[in-house]
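Good morning, and thank you for coming.

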Amino acid sequence: MNNDRKVFVEIYCKIYSDTFSNKMNNRMATGDEIYEFLMSDAKHCFDDNGQLIPGDCNLWYLGCNEKFGSLRFENKEWRWSFGESSFDRVEEFVTAIYDEGLFTEQQYKTLTDKIYEGHLIDNMYDIKDYLISKHEGRSWIKTRKASEFRDDMKQFIADTEKALTEKGYQIVTACKI
């Protein structure tokens, strides 16, 4: 493992009103810095009394957000749009970095364990309840919302596009140059 090697990364997703950390947007970083970012608390979960609930790692929001995002490692890129988030994509990203020797075996195992745990939640709006259950020692059952929220978001976007088109607006999507 090369602890000093810096590589180009982009780690971003749109959550809430754009509150995902921009610390890893288009920058050079070591494997340790990437690992620390993925594992660090996003600090988006609060209990009913407004107290921060620790443990909502950045990695989870990449795999189960409802909007869009992108992951980039050197010349490899993973992008998704509304309702297309996936822990499979996050795992591909993490594995690509590991295969380049930038994560230790233990870091890689920890990240893949967090990805597996994220699959159990699979909806960013359930992270708070998952963490509360975990802290209280209760078992977790994936919610029905987790299996529906991606399709609901895709339908919302389709309905919005249709309504705008019917009113005479032209929908222009960004294209990659």
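Before the helices are compared, one term is needed: an axis is a line fitted to C-alpha atoms, for helices over the stretch in contact, and angles run from 0 to 180 degrees between N-to-C directions. Please keep in mind that this is a predicted model.

I begin with helices H3 and H4. Their axes come within 10 Å and cross at roughly 180 degrees. An angle over 145 degrees counts as roughly antiparallel, so H3 is roughly antiparallel to H4.

Which residues of H3 and H4 meet? On the H3 side they are Phe87, Asp88, Val90, Glu91, Val94, Thr95 and Tyr98. On the H4 side they are Glu105, Tyr108, Leu111, Thr112, Ile115, Gly118 and His119. By residue type, this contact of H3 with H4 comprises seven nonpolar, four polar and three charged residues.

I turn now to the aromatic rings. A pair of aromatic rings is described by the distance of the centres and the angle of the planes. A search of the whole structure finds eight aromatic pairs. One of them joins Tyr98 and Tyr108, with 4.1 Å from centre to centre and 15 degrees between the planes, and this pair is stacked. Tyr98 belongs to helix H3, residues 87–99, and Tyr108 to helix H4, residues 105–121; the two tyrosines are 10 residues apart. Is Tyr98 buried or partly exposed? Its relative accessible area is 24%, so Tyr98 counts as partly exposed.

A second pair is formed by Tyr130 and Trp140. Why is this pair called edge-to-face? The ring centres are 5.5 Å apart and the planes stand at 90 degrees; planes over 60 degrees apart count as edge-to-face. Tyr130 lies in helix H5, residues 127–135, whereas Trp140 lies in the loop between H5 and helix H6, so the pair ties together parts that are 10 residues apart in sequence. Tyr130 is buried, at a relative accessible area of 7%, while Trp140, at 21%, is partly exposed. Ring pairs also bring in Trp60, giving a cluster of Trp60, Tyr130 and Trp140.

With a relative accessible area of 10%, Glu10 is buried, because buried means under 20%. What does the side chain of Glu10 make a polar contact with? The partner is the side chain of Ser70, at 2.2 Å. Leaving aside residues up to four places away in sequence, Glu10 touches Met24, Asn26, Ser70, Leu71, Arg72 and Arg79.

Definitions and conventions. Residues are numbered from 1 along each chain as its sequence is written. This is a predicted model: local features need pLDDT of at least 70, side-chain atom pairs count only at pLDDT 80 or more; totals for chains, interfaces and linings use all residues. Side-chain values use heavy atoms; hydrogens and water are left out. Rings of Phe, Tyr and Trp (its six-membered ring) pair if their centres lie within 6.5 Å; planes under 30 degrees apart count as stacked, over 60 as edge-to-face and the rest as tilted. Helices (H or I, at least four residues) and strands (E, at least two) are DSSP runs, numbered from the N terminus. Buried means under 20% relative accessible area, exposed over 50%, partly exposed in between (1.4 Å probe, protein chains only). Angles under 35 degrees count as roughly parallel, over 145 as roughly antiparallel, 65 to 115 as roughly perpendicular and the rest as oblique. Contact means heavy atoms within 4.5 Å. Ala, Val, Leu, Ile, Met, Phe, Trp, Tyr, Cys and Pro count as nonpolar, Asp, Glu, Lys and Arg as charged, and the others, Gly among them, as polar. A polar contact is a pair of N or O atoms within 3.5 Å; within protein, one must be able to donate a hydrogen and the other to accept it, and residues adjacent in sequence count only if both atoms are side-chain atoms.
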